Amino acid sequence: MVEGGQYKSQPAAHKCIFRLLNILGVLLQVKHATGNLPSPFVTDHKTVVMLIADLLTYSGTLETAKILQASNKANIYELMNNISLLCGTLALVLQVLLLVPAFGWFTLACWAVYFVIIGTKSYQTLKTLCTDAVPYVRDKMKEVMRLNGSKEPQNQNGDA
């Protein structure tokens, strides 16, 4: 996975997700192109809104993973890559749910199992990140309080 200190540019899983998103998007257009079916915005409004939000989250987490990849932060990169893969596969599941609802519910159940597996595998990384973040935030808050504390007496003396 590591080549010359750098990770590969984009995992094959993301390329597969992009292809499937395109294929399912075209199939969704074909399904509703006949004019006989109402728009999915009307029939499945909540699912479409979830799909849009998920696609935005997917692109954001994927870009964040690319930034982390360039900075060689392996643990955080791996976590962010897992989150982006979860968002990408959820987008696929939501598209399948719009195309074939019965099969979509089955794929959603399979995705939920996948989510639990990834969550349990990422637990240690999440725990480490949280335990490292607490002292960092505490130190920053002390610094902010110290700066605010040192400025206030000067302002009070200058105002009086």
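1. Helices here are DSSP runs of H or I with at least four residues, strands are E runs of at least two, and both are numbered from the N terminus. By that count, the protein chain has six helices and two strands. Reading from the N terminus, the order is β-β-α-α-α-α-α-α.

2. A word on what you're looking at: this is a predicted model, where local features need pLDDT of at least 70, side-chain atom pairs count only at pLDDT 80 or more, and totals for chains, interfaces and linings use all residues. Residues are numbered from 1 along each chain as its sequence is written, and side-chain values use heavy atoms, with hydrogens and water left out.

3. How far does the predictor trust itself? The score to look at is pLDDT, its confidence in each residue on a scale from 0 to 100. The average for the protein chain is 81, and 87% of the residues score at least 70. Helix 5 (residues 101-121) comes out highest at a mean of 91, while strand 1 (residues 2-3) is lowest at 42. Residues 1-9 have a pLDDT below 50, yet this stretch still makes 15 contacts in the model beyond near neighbours in sequence. A contact means heavy atoms within 4.5 Å.

4. Now for the chain as a whole. Of its 160 residues, 28% count as buried; that label means under 20% relative accessible area, with exposed being over 50% and partly exposed in between (1.4 Å probe, protein chains only). The accessible surface is about 10800 Å², and carbon and sulfur atoms account for 66% of it. Those areas come from the Shrake-Rupley method with a 1.4 Å probe, and for residues only the protein chains shown count as cover. If you take contacts between residues at least 6 apart in sequence, 70% of them join residues at least 24 apart.

5. Is Thr-61 buried or exposed? Thr-61 is buried, because its relative accessible area is 10%. Setting aside residues up to four places away in sequence, Thr-61 touches Met-80, Ile-83 and Ser-84.

6. Thr-47 is another helix 3 residue, and it counts as buried because its relative accessibility is 14%. Which residues does Thr-47 contact, leaving aside its neighbours within four places in sequence? They are Leu-94, Leu-97 and Leu-98.

7. Ile-83, one of the residues touched by Thr-61, belongs to helix 4 (residues 74-99). Ile-83 is partly exposed, since its relative accessibility is 32%. Have a look at Ile-83 and Gly-119 together: they are 36 residues apart in sequence, with 9.3 Å between their C-alpha atoms.

8. Leu-126 has a relative accessible area of 39%, so it is partly exposed. Leu-126 and Ile-76 are 50 residues apart in sequence, and their C-alpha atoms are 8.9 Å apart.

9. On the surface there's a nonpolar patch made of Phe-41, Val-42, Ile-52 and Leu-56, with about 430 Å² of accessible area together. Patches take residues with over 30% relative accessible area and no salt bridge; like charges are joined within 9 Å, and nonpolar side chains (Val, Leu, Ile, Met, Phe, Trp, Tyr) within 5 Å. Helix 2 (40-43) and helix 3 each supply at least two residues of this patch. Ile-52 is in helix 3 and is partly exposed, given its relative accessible area of 41%.

10. How many salt bridges does the structure hold? There is one, counting a side-chain nitrogen of Lys or Arg within 4 Å of a carboxyl oxygen of Asp or Glu. The partners are Glu-63 and Lys-66, whose closest N and O atoms are 3.6 Å apart. Glu-63 and Lys-66 are three residues apart in helix 3, so about one helical turn separates them. Both partners are partly exposed: Glu-63 has a relative accessible area of 43%, and Lys-66 has 33% relative accessibility.

11. Last, the annotation. An unreviewed UniProt entry places the feature "transmembrane region" at residues 90-117. UniProt positions are in the numbering used here, feature names are shortened, and annotations may be inferred rather than shown by experiment. In the model, that span is 96% helix and 0% strand, and its end C-alpha atoms lie 15 Å apart.

Note on methods: pLDDT = per-residue confidence, 0-100.
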